[in-house]
Amino acid sequence: MNWRISRRTFLRGVGAMLPLPFLNLMEAEGRAANSEKPPVRFMTLFKPNGVHPPSWNINGGTENDFRMSPLMRPFASHKQDLLILDNMGDFGFSSHANSTRRFLSGHHKNTKSASMDQLIADQIGQDTVHRSLELTTEGLFPNQIGCSYISYDTNGDPIPRESDPQLVFDRLFRNPLQHPAKRKEMVSLLDRVGEDAKKLQSKAGVEDRLILDEYLSVVRDAEQRLDNLKSAGTESPELTKFMRPDGLSNLNEQVDAMLDIIALAFWTDSTRCATYMLGNSNSRMIFDFLGIKEQHHYLSHFFRNFSRDNIDALLKISEWHMEKFNYLLTKLKSYKDQNGTLLENSVVLFGSGMGHSDNHTATRIPMILAGQGGGMLKTGRYVRYSQNQQIGKLHLSLLQKFGVEKAAYGENSTALAGLDSSDFEAFQEPSFKSWVKSDGQSITVQGRLRMSDDLDEAKLFFIDVQDQESVRIDVSFGDFHHFNLAYHCGTPITLTGTGQQTDGQYVITKLTELNSLFGKKPGTQNG
Amino acid sequence: MLLTALMMPAVSCADDSYEREILPLLAKYCVACHSGDEPSAKLDFSIIKTQQDANASFETWRRVVELLKSGEMPPEDEERPSRLDIENIETWYRSRFIENVEARPADFRPRRLSAYEYRNTLRSLFGFDLEVNIIEAEQTIAEKSLVMKLLPLDPPGKSGFRNDTSGNPLTTVIWDQYSYLVDAGLEAFFSPRHQTDLEAYSGPILVSGVSHDQAETLLQSFMTRAYRRQVENSELGRRMIHIKEAGSSEEIVDRLKSELKVVLMSPEFLYRGLLMRGNPGQQSVDQYELAERLSYFIWGDMPDAELMRNASSGNLSKSEIYRSEIVRLLNDPKSRNLAEDFAVQWFSLDEIDHVSDNVPYAVALKSQPLDFVKYLFAADRPLLELIDSDVAYFNTLTSRFYPQDRKQLARYRKPKGIEVEIVPNQQITLQDTSERGGLLTMPGVLAMNKGPVLRGVWMLERLLGEPLPEPPPDVGQIPQNRNGQSLTFRERFELHRSKPACAVCHDKIDPLGFSLERYDKSGAFVTKSGETIDTSGQLPSGEIFTTYQELKEILVTSQRDQIVRNIVQKTLSYALCRKLKYYDRPAVDKIVNELNQRDGTYRDLIRLVAESMPFRETIIKGESE
């Protein structure tokens with residue numbers, strides 16, 4: 001492959017140890033004319049425990065005209081590289097384990113065949129040294145073992161995950177079987193220990209000699225193996241100069257290091273396929289580095305464990321997940337890959353197994369595709385389907401785009417439309433008028449309710465009114481709870497209350513009445 | 001060579017009583033079935049040709065005598081030996097393997113470190129653990145040790161213990177993992193994070209970097225520790241050559257790393273005993289070997305500086321110093337090895353991991369026997385308290401098993417936002433919970449052995465030290481009650497196994513196992529009134545009991561000798577990292593007698609094992625043998 005050889009030449013020129021972050025600054029040989037089409041990479045990033053829908057869901061909006069939700073702020077700068085899917089998932093209550101199986105296997109009943117990432121790896125991962133990477137952050141959760149895996153092999157059995165960035169780094173960039181410099185080191189070590197052991201053998205007793213024979217035969221086997229590699233003339237780039245990540249004391253540092261490594265592995269074409277879980281579903285992790293003392297799963301049940309502090313803590317965790325997604329996208333964009341960026345030649349699937357993290361509904365599951373996949377996807381859009389879509393449809397569509405010949409996948413035989421420029425049936429909401437009026441005593445406003453964009457003031461709500469400044473809802477916890485404001489987020493309501501007008505903006509501080517325009521009752525949607 | 005031959009015990013050379021007296025009887029009554037491609041009970045007498053062969057398979061004879069005396073063998077329809085023949089065989093057995101055994105140590109054999117010993121040794125050498133980066137949530141399981149994650153788990157050796165690695169050779173797979181681990185270790189060792197660990201060898205390192213002198217100091221002290229003995233100057237010089245060529249500090253560090261890697265990949269580091277020197281024949285092991293035997297026995301780890309000092313000055317041959325070193329090692333927190341490695345394997349406590357999917361609960365169940373065994377050693381308790389003690393360890397997750405004494409537990413409040421968490425145990429002196437106390441009634445131990453047969457087998461093998469043969473292949477299911485029948489499970493079971501071929505083992509297993517029938521699968525004590533649960537039984541030795549409490553009384557009195565003997569055998573076998581042989585019998589007898597003379601304790605046990613002849617001596621094989 002011309003492409004790889006030219007890359008190696010470049011890397012040799014760089015010479016000394018390269019700390020991973022500095023690689024951002026480099027401009028690879030991509031500018032050199034090269035007619036070969038770059039490979040497309042596939043990655044998934046799994047966010048555990050669903051979301052708090054009022055802060056995640058996009059309010060209103062159309063395919064090409066929409067406003068990112070509060071939780072999407074951390075990666076808002078990548079809007080043009082995103083294909084935000086909505087109304088994904090068609091199950092009501094779903095267990096952690098089932099919803100996690102569905103994430104890459106289409107359906108929880110699909111337990112006897114490979115997850116879609118593995119099918120893609122079979123398709124695109126054959127030319128690289130590593131077929132695929134299956135990664136995570138956290139130990140196994142034996143209580144519901146399915147919560148710990150998203151990637152499954154051809155028999156539908158879980159694939160062991162790796163969590164340690166150093167181990168993954170070493171496997172990719174320091175394996176003596178693949179990298180000439182490490183191989184040289186190993187050859188010299190084998191020489192030395194072999195010589196020493198022979199010296200020892202000359203003075204040894206009978207039993208000692210038997211042991212040393214055993215030892216020396218292993219040394220000879222190891223030498224033989226390296227010799228065979230040499231004669232096979234395995235070409236591989238000089239990758240041993242990258243600086244190994246170190247001092248990874250908390251989750252944040254480990255995830256950043258792992259994302260760095262994934263990007264580097266894609267860029268060096270060491271692998272083309274990776275799945276990464278930011279945590280188990282049902283995760284009991286404690287985000288102490290964010291100053292949080294409660295377990296993630298407990299907080300994710302934000303309704304049954306309701307308190308202002310708990311919601312704030314949960315949003316902080318979710319925001320961290322979004323920041324990691326942003327980190328990954330920024331990283332992939334920073335690498336030049338032939339005539340474009342690595343992101344342009346990748347498909348990143350970011351999402352969760354369930355939507356609403358408290359009542360475990362698997363509808364409106366967070367699902368975003370990022371990157372153009374070398375022209376596979378049309379990004380910069382918000383695609384909200386008219387009906388709830390089975391996850392398997394998305395998988396089937398992606399499989400086909402990656403060239404995997406499948407007519408059906410995960411209990412489903414229709415590919416999801418709308419990922420490229422194809423038509424799709426978009427969600428239609430009845431039209432409604434928005435207005436605000438005040439009779440001096442009370443204020444009444446009609447329009448779509450939303451949470452504050454700023455998660456630091458997540459107790460503030462707004463109702464957007466056409467051609468006017470949004471009405472601000474700043475009420476007590478009692479009112480918030482009694483009128484179930486969070487539940488109505490994203491939908492049009494008529495709301496009456498008292499308050500004042502400050503600098504032209506209406507601010508409602510006490511609620512007296514709330515009516516939903518299209519009459520949905522609390523508990524049927526959004527909690 | 002001549003000297004060696006004279007010192008060899010007479011039993012293994014001159015004695016031919018097996019050939020003269022026993023072989024003809026076997027040929028007449030046994031060999032027809034017990035030979036060929038598929039010998040009955042996998043026992044082939046035709047390959048046991050000499051007294052020496054008979055010695056090697058010494059455990060067979062106990063069973064042979066037992067089956068002959070019970071009339072179980074030869075089968076009814078075959079010709080049977082006369083009473084006199086049987087008496088002759090028994091006399092031969094007792095004389096050769098019990099009464100007139102001449103003691104000798106085992107042949108000297110180097111042994112590769114087990115994965116567990118390797119982990120501990122590497123940690124002691126570097127001063128830090130090699131850890132896997134993984135987030136450990138409260139309810140997840142994760143291997144935190146990089147060594148344990150990467151090295152294949154050692155299969156138990158013939159002794160039943162993992163430190164008996166003689167049948168587990170080095171392979172290229174293990175080689176690659178060693179190499180990886182050493183790289184990872186050295187990388188961390190020379191990183192700023194671990195500068196103090198590095199300086200413990202080299203002395204203070206200045207901004208200017210590592211000097212040649214420091215490199216030499218480091219290399220010498222590191223090699224001494226890694227090889228667990230004084231390093232010859234020529235050996236050090238050979239390694240220093242490579243470093244002396246280095247110019248800059250960076251280059252020195254690079255060379256040092258490769259030299260240290262050579263050290264850590266060398267057989268002298270990976271195997272115990274390769275550097276011990278001696279002349280052919282029986283002798284005391286040298287001081288370094290003794291130090292190493294002691295520290296791997298008690299700590300599962302290499303000797304520390306003080307033990308090494310005492311070895312290099314020859315002090316370990318002074319009995320009072322050797323004794324005080326034993327005490328010092330036992331007082332060190334590292335002696336938790338005796339619970340976490342030795343006792344875990346002895347009592348198969350890893351099985352408790354599978355009792356529950358709820359990690360904090362499974363951890364709580366397993367921590368009970370671990371904390372209890374640690375207490376037996378730390379508080380120096382008498383041996384039989386293993387099964388008869390009023391000291392228990394429990395926490396909020398296991399307190400329900402101690403309803404009458406749970407009020408003694410300090411109040412526990414779960415922190416906000418934590419669903420279930422791992423909680424330490426509290427030591428409780430049981431006052432009103434007569435159904436608990438001792439290893440056998442710990443909930444985790446009861447729950448890991450589900451049903452009376454597994455419980456009985458476990459007690460026989462682990463506590464009484466009676467290994468059992470495999471059950472016959474065609475045992476079938478225990479029949480359900482037919483119409484009109486209303487037999488209890490036990491009654492149906494006893495009918496099922498009444499055939500002589502089953503009974504010979506089940507007569508031993510069942511009374512033990514059924515005595516615990518009041519404890520259900522979860523280990524809970526069933527107190528429902530009106531329910532009749534038959535926990536009575538009779539041991540093959542004749543004692544009768546109706547409840548587990550009564551059986552326990554029997555175990556600590558009339559079965560005491562057998563239990564103590566088993567405790568000694570297991571401990572000695574672990575200490576020697578090998579299966580015991582017939583010639584270890586006198587050493588075991590000696591320790592058992594001393595322990596019995598004064599209600600010996602767990603520290604007495606450790607000391608007596610460490611002072612025993614097989615532990616302190618060895619035989620080096622000569623060229624011609």
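A residue counts as buried when its relative accessible area is under 20%. In this predicted model, B:S159 has a relative accessibility of 14%, so B:S159 is buried. B:S159 lies in the loop of chain B that runs between α7 (146–150) and α8 (172–189). Its side chain approaches the backbone nitrogen of B:F161, at 3.1 Å. Contacts beyond the neighbours within four places in sequence were also examined. Here B:S159 touches B:D164, B:S573, B:R578 and B:K579.

In chain B, helix α4 spans residues 58–70 and helix α5 spans residues 83–99. Their axes come within 10 Å and cross at roughly 150°. Angles over 145 degrees count as roughly antiparallel, and α4(B) is therefore roughly antiparallel to α5(B). The crossing of the two helices is left-handed. On the α4(B) side, the contact is formed by B:F58, B:W61, B:R62, B:V65, B:L68 and B:K69. These residues meet B:I86, B:I89, B:E90, B:W92, B:Y93 and B:F97 of α5(B). By class, nine residues of this contact are nonpolar and three are charged, with no polar residue.

Several residues of α4(B) are buried. They are B:F58, B:T60, B:W61, B:V64, B:V65, B:L67 and B:L68. The spacing of such positions can be read against helix geometry. An α-helix has 3.6 residues a turn, so residues three or four places apart point the same way. The buried residues of α4(B) pack against α5 and also against α2 (17–29), α3 (51–56) and α22 (500–514) of chain B. Just after α4(B) comes B:G71, with a positive phi of about 80°.

A helix pair in chain A was also examined. Helix α5 of chain A covers residues 165–173, and helix α8 of chain A covers residues 251–267. The axes come within 9 Å and cross at roughly 15°. Angles under 35 degrees count as roughly parallel, so α5(A) and α8(A) are roughly parallel to each other. α5(A) passes α8(A) in a left-handed crossing. From α5(A), the residues in contact are A:P165, A:V168, A:F169, A:L172 and A:F173. Their partners in α8(A) are A:Q254, A:A257, A:M258, A:I261, A:L264 and A:A265. Ten residues of this contact are nonpolar, one is polar and none is charged.

Definitions and conventions. Residues numbered from 1 in each chain as written. Chains lettered and ligands numbered in written order. Predicted model: local features only at pLDDT ≥ 70, side-chain atom pairs only at ≥ 80, totals over all residues. Heavy atoms only, no water. Helix = DSSP H or I, 4+ residues; strand = E, 2+ residues; numbered from the N terminus. Buried < 20%, exposed > 50% of the residue type's maximum accessible area, 1.4 Å probe, protein only. Polar contact = N/O pair within 3.5 Å; in protein donor to acceptor, adjacent residues only side chain to side chain. Contact = heavy atoms within 4.5 Å. Axes fitted to C-alpha atoms, helices over the stretch in contact; angles between N-to-C directions. Parallel < 35°, antiparallel > 145°, perpendicular 65-115°, else oblique. Left-handed = near helix turned anticlockwise from the far one by under 90°. Nonpolar A, V, L, I, M, F, W, Y, C, P; charged D, E, K, R; others polar.
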